[in-house]
Amino acid sequence: MGIESPVYWDPFDPDIARDPYPVYRRMRAEAPVYYNDVHDFYALSRFEDVDRALLDWQTFSSAKGPILEIIKADIEIPPGTLIMDDPPSHDIYRSLLSRVFTPKRVLSLEPRIRAYCVRSLDRLAGLDQFDLMTNFANEIPMRVIGMLLGIPEDDQQTIRDKADHNLRTERGKPMQVPEDRSIGNPELFADYIDWRRDHPADDLMTELIRAEFEDVHGVRRTLTRDEILTYVNVLAGAGNETTARLIGWLGSLLAEHPDQRAELVADPSLIPNAIEETLRFEPIGHAIARYVTTDVELHGATVPAGSAVTIIVASANRDETRWDEPDRFDIHRKVHQLRTFGMGPHFCLGNALARLEARVALEEFLQRFPVWSVDRDVLELSSTSTVRGWAALPITIG
């Protein structure tokens, strides 16, 4: 019997990414404070450590960004980036968006989301095969976030493609931070925001233009143009990619578990919990990065101040100390400690919207296509270092 080699995890390795869960299991057992000397970062994989890091923002700071490559590049973060900021300024900027994502307001979007789903699915009527990502999963979030922001429908595909391009990486390699060390493409929305200043409407851009708040210096003011551009850029990227990947995982997992899919067809009231289990079992983003502001002692190891740390929420979602049979997909599981959307100050504001979009999308899809199959052997994960999901998902109906 051979001696097993030391555990190795590289978030950029496509072979590991294909099924990282066995590696996560070994990390939890053998290396709860894991160090990767190739890319120079630490990783936490146990549920209790993930929670500690997500809650302790003073030690595990977001000020240098939530993405490993951005932290390592040590770029200057523009104000108002939300996901790249700590309290108290983070709380001030977050409060401006929290009024947009109230439960009541999110639920009021359901009729429009359903209309987008119906329109997309009507185009697929009678087809025996199609790509679930291209023809459905990618389109719904694009329409919803475009509607919320006030982007004309004719422009939404272009906006999405450009935002999507910013997330793409070369297979097996980290994200390349631009030479100018900029984040995303804020100027992509400049013309829309300038137009909205003179032509207000019932959309998020108009709200951001009009919003008044008290900044960290105690000054009562409105957002600057650059701050609004940053807000919109972050929302457009996050709102498109994450929900599209979630719908894709629903498509592939339910194909692999036809008995559970049949239960959903027979009883759609089970769909919300099926979405929770999907978020646990195949989370959209596997790791959240942080910058350590002071030495941290964990499990007999020291993470030095200034280090980059990846907090593996996907591992926490399958921690044996928190979940029974964590590697089993079960739409009836009681899901009550989900970490897919983070925790603490940076808990995802759009979580309710993502869940609503996924629920409506699955309800409408199952009504039309109760049975489908997927050839998992030909599937490829999308090449990004931020979200995990299918680049394409060709399915066969029936």
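1. Arg-143 and Glu-139 sit four residues apart, about one turn, in helix α9 (residues 139–149); helices (H or I, at least four residues) are DSSP runs numbered from the N terminus. The two residues form a salt bridge with the closest N and O atoms 3.6 Å apart, the term meaning a side-chain nitrogen of Lys or Arg within 4 Å of a carboxyl oxygen of Asp or Glu.

2. This is a predicted model, in which local features need pLDDT of at least 70 and side-chain atom pairs count only at pLDDT 80 or more, while totals for chains, interfaces and linings use all residues. Residues are numbered from 1 along each chain as its sequence is written, and side-chain values use heavy atoms, with hydrogens and water left out.

3. Arg-143 is buried at a relative accessible area of 12%, and Glu-139 is buried at 10%. Here buried means under 20% relative accessible area, exposed over 50%, and partly exposed in between (1.4 Å probe, protein chains only).

4. Arg-143 also meets Glu-153 in a salt bridge (4.0 Å, N to O). Glu-153 belongs to helix α10 and Arg-143 to helix α9, so this pair ties together parts 10 residues apart in sequence.

5. Glu-153 has a salt bridge with Arg-119 as well, with 3.1 Å between the closest N and O atoms. That pair links distant parts of the chain, 34 residues apart: Arg-119 is in helix α7 (residues 110–122) and Glu-153 in helix α10 (residues 153–167). Arg-119 is partly exposed at 32% relative accessibility, and Glu-153 is partly exposed at 35%.

6. The structure holds 32 salt bridges.

Note on methods:
Helices (H or I, at least four residues) and strands (E, at least two) are DSSP runs, numbered from the N terminus.
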